[in-house]
Amino acid sequence: MKSFFRSPAPTIAGVAFGCALLLSALDLAVGQEELKNPFDGDVTAAAEGKKLFLKMGCYACHGHEAEGAVGPDLTDDEWIYKPTDAMIFNTINRGRPGTVMAPFGDQLKPEEIWKIVEWLRWKNRQRKAPESK
Amino acid sequence: MQARPRHSSVRHSSVSTLIATLIALVFFSAALPLRAEVTDDMLLNASKESDNWRMVGRDYAGSRFSPLKQVNSKNIKRLVPKWTFSLGTLDAQNTTPLVSDGVMYVTAAHGRTYAVDAKTGTMIWQYAHQLPEDVGKAMCCDIGNRGAALYKDKVFVSTPDAHVVALDMKTGKKVWDVGLGDYKLSYTMTVAPLVVKGKVVVGLSGAEYPTRLFIEALDAETGKQAWRRYTIPAPGEPGSDTWGNDPDNLKYGGASAWITGSYDPQTNLIYWGTGNPNPDWDGVGREGDNLYSNSTLALNADTGEMQFYFQYTPFDVWDFDGVNENILADLDGEKVWLHGDRNGFLYKIDRTNGKFKYGKEISKVNWATGFTPEGRPIVNQEKVPTYTYEAKDICPASEGGKWWNPMSYSPEKKMVFVPSREICTDIKSAKGERAEGKPHWGIGSIKWNKGHGQLVAFDAKTGNKKWTVNAPSPFMSGVLTTGGGLVFAGTPEGEFKAYDQDTGKELWSYQTGSGIVGSPMSFSIGGKQYIAVPSGFGGWTGWATIGGGGAPHLKDSRKGGYVTVFGLFDE
């Protein structure tokens with residue numbers, strides 16, 4: 001009986017694929033460990049994040065209060081991908097290929113990106129605050 | 001003796017192959033459109049024939065008027081979609097499709113160009129310009145493109161990273177590719193080129209950033225520069241003393257040129273618009289008229305030398321960005337250009353000398369109280385924002401009036417049809433940091449107040465309004481008029497509509513699936529009239545939502561990327 005699960009011999013491609021999976025998993029694990037917002041809840045960092053947001057020209061697409069213009073509103077919950085701190089960090093760092101969103105990792109240090117993330121998350125919390133009362 | 005039958009077989013096979021080839025040739029030549037080269041005569045006489053639409057404005061006058069009249073107010077109810085073509089990308093689909101000898105040439109957002117069988121919608125070739133992944137940083141208002149140009153055996157397109165590319169009309173293969181600026185410093189392009197006497201003329205975008213922009217002509221065969229006209233004078237040149245005391249203003253004053261100009265073969269002048277000075281909303285340090293921002297420049301087509309100009313908004317602190325198109329019209333002996341400006345006025349200007357004829361309100365205007373006899377606006381100081389003063393309810397808002405979306409002029413009716421809006425703003429300016437490659441707007445705060453859209457018809461000679469159609473949202477499409485007495489325009493909600501030219505009565509509507517921010521056009525194949533419209537929402541949409549917003553219902557509008565072609569239902 002022919003088995004689809006048995007390979008006659010490990011091929012080079014197979015080994016490479018296995019290694020790629022392993023590296024990918026390791027990368028993910030390392031990435032998850034690294035992608036923790038160091039400024040969570042830090043209002044001072046959030047204020048610095050807003051300054052960076054304006055300085056980098058993010059307002060040109062997203063508006064001065066990140067309320068959306070050419071690009072989407074960054075203060076609401078209506079995102080394609082769930083707006084976790086890590087996802088927002090990655091988007092600023094790497095951009096979103098196929099869209100107008102360009103990578104900024106070449107111009108911002110990781111801690112600067114995190115400050116922008118914190119400002120956006122702070123804006124989101126502020127927006128929700130009246131609803132929770 | 002086996003050779004003979006084999007020989008016979010080979011001969012038989014050859015004959016069969018020959019017949020098959022001939023049949024195939026006949027079949028394909030019937031199936032594929034016959035593509036002739038686009039000559040100077042075709043471009044010069046574009047207004048005199050009806051089947052094709054070979055430049056974005058349809059003719060050198062930029063009329064966007066098709067004489068075709070098969071589709072008219074009596075049979076418009078039978079207008080149905082014939083085919084739809086995916087443009088393959090999302091974001092602002094600002095294009096005007098072209099049609100030449102049965103082939104549609106259409107550009108798309110993110111640097112795409114397609115050739116499509118205009119009868120069936122079947123793709124013939126595509127060109128995907130390879131964009132740098134960070135180009136989005138350099139573009140204030142999305143990665144759109146406004147259309148192609150055709151000349152001889154080539155298709156010409158501009159790209160977001162400020163290249164002009166010539167493509168082989170039959171294959172889509174790149175023939176030449178010339179870079180005109182560094183996109184990392186925000187020298188970018190969205191313009192549809194204009195070909196005049198063998199030169200490909202384009203204009204640069206980027207006035208929301210510290211730039212010094214220009215209009216450039218390239219040899220159509222080689223891409224070699226023919227001339228370049230900066231829109232801001234160099235130090236010591238006439239006009240250089242209109243930019244205040246900061247000499248850097250002459251290096252960074254913007255004045256973009258992203259809308260295709262018009263051409264008058266009789267005067268041999270190209271009429272090309274220029275945009276806002278930089279920074280957009282902060283005039284501190286650039287006190288003066290800021291020449292030649294917000295103007296129409298009359299340029300010698302052979303040399304690029306400026307013969308004269310007309311400036312619509314001197315010392316702009318509202319981002320009125322007077323780059324809009326100039327439609328050339330002959331009105332009972334008057335040779336003029338018609339220009340709908342973002343500052344809220346429709347202008348008629350003598351195209352032989354640049355003299356002001358009239359300025360009429362398209363929408364409510366309160367930033368100016370009138371004009372001097374020379375056409376200089378008399379500014380209402382209550383509507384001038386400063387660092388410490390928030391000017392309230394400035395009308396119109398920065399997008400007009402009339403935004404960039406091109407209007408249409410019917411030479412039969414002598415009427416001009418203007419896509420417009422009634423939206424006002426509150427603005428406070430601020431000192432911004434001027435750094436190359438970074439946005440520099442000079443804005444402290446800005447709010448758009450809720451308003452509505454309108455399509456306005458004017459008597460071109462007098463500037464009197466004939467009718468106005470109101471709509472929930474601004475008309476963000478270009479306008480098409482036809483010999484069938486129709487006006488076509490699209491809405492940000494995606495509805496493509498036809499109106500009666502005489503009355504403005506809505507006659508027909510079709511939902512295209514996404515907001516219409518490009519321009520419709522019309523063509524004919526085999527005696528049948530077709531009408532095409534691109535759809536795909538995008539572009540600068542801050543006016544819709546920021547600070548309450550001029551049309552907050554457009555927040556998060558669905559993107560798309562289509563061309564839909566309509567024809568009369570075949571019984």
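Let me start with a helix in chain A: in this predicted model, the buried residues of α2(A) are A:Ala45, A:Ala46, A:Gly49, A:Lys50 and A:Phe53. Seen down the axis of α2(A), these buried residues fall within an arc of 150°, so they line one face of the helix. As for the helix itself, α2 of chain A runs over residues 43–55, which is 13 residues, and reaches 18 Å from its first C-alpha to its last, close to the 18 Å expected at 1.5 Å a residue. Just after α2(A) comes A:Gly57, which takes a positive phi of about 85°.

Turning to where the two chains meet, 17 residues of chain A are in contact with 21 residues of chain B. On the chain B side of that contact, the classes are 10 charged, 7 nonpolar and 4 polar residues.

Now to chain B on its own, in which there are 38 strands and 4 helices. Its C-alpha trace spans about 105 × 50 × 50 Å along the principal axes, and its radius of gyration is 24 Å, which agrees with the value near 25 Å that a compact globule of 571 residues would have. Of those 571 residues, 58% are buried, and of the contacts in chain B with a separation of 6 or more, 62% are between residues 24 or more positions apart.

Finally, the core: the largest nonpolar core has 186 residues, and B:Ala149, B:Phe156, B:Val200 and B:Val416 touch the most other members. Leaving aside residues up to four places away in sequence, B:Ala149 touches B:Met55, B:Phe156, B:Ala192, B:Pro193, B:Leu194, B:Val195 and B:Val200.

Methods: Residues are numbered from 1 along each chain as its sequence is written. Chains are lettered from A and ligands numbered from 1 in the order in which they are written. This is a predicted model: local features need pLDDT of at least 70, side-chain atom pairs count only at pLDDT 80 or more; totals for chains, interfaces and linings use all residues. Helices (H or I, at least four residues) and strands (E, at least two) are DSSP runs, numbered from the N terminus. The expected span of a helix is 1.5 Å times one less than its number of residues. A residue is buried if 20 or more other C-beta atoms lie within 10 Å of its own, exposed if 12 or fewer, and partly exposed in between; C-beta atoms are placed from the backbone. The arc is that of the directions from the helix axis to the C-beta atoms. Two residues are in contact if their C-beta atoms, placed from the backbone, lie within 7 Å. Ala, Val, Leu, Ile, Met, Phe, Trp, Tyr, Cys and Pro count as nonpolar, Asp, Glu, Lys and Arg as charged, and the others, Gly among them, as polar. A nonpolar core is a set of buried Ala, Val, Leu, Ile, Met, Phe, Trp, Tyr and Cys residues joined through C-beta atoms within 7 Å. The radius of gyration is taken over C-alpha atoms; the globule rule is 2.2 Å times the number of residues to the power 0.38.
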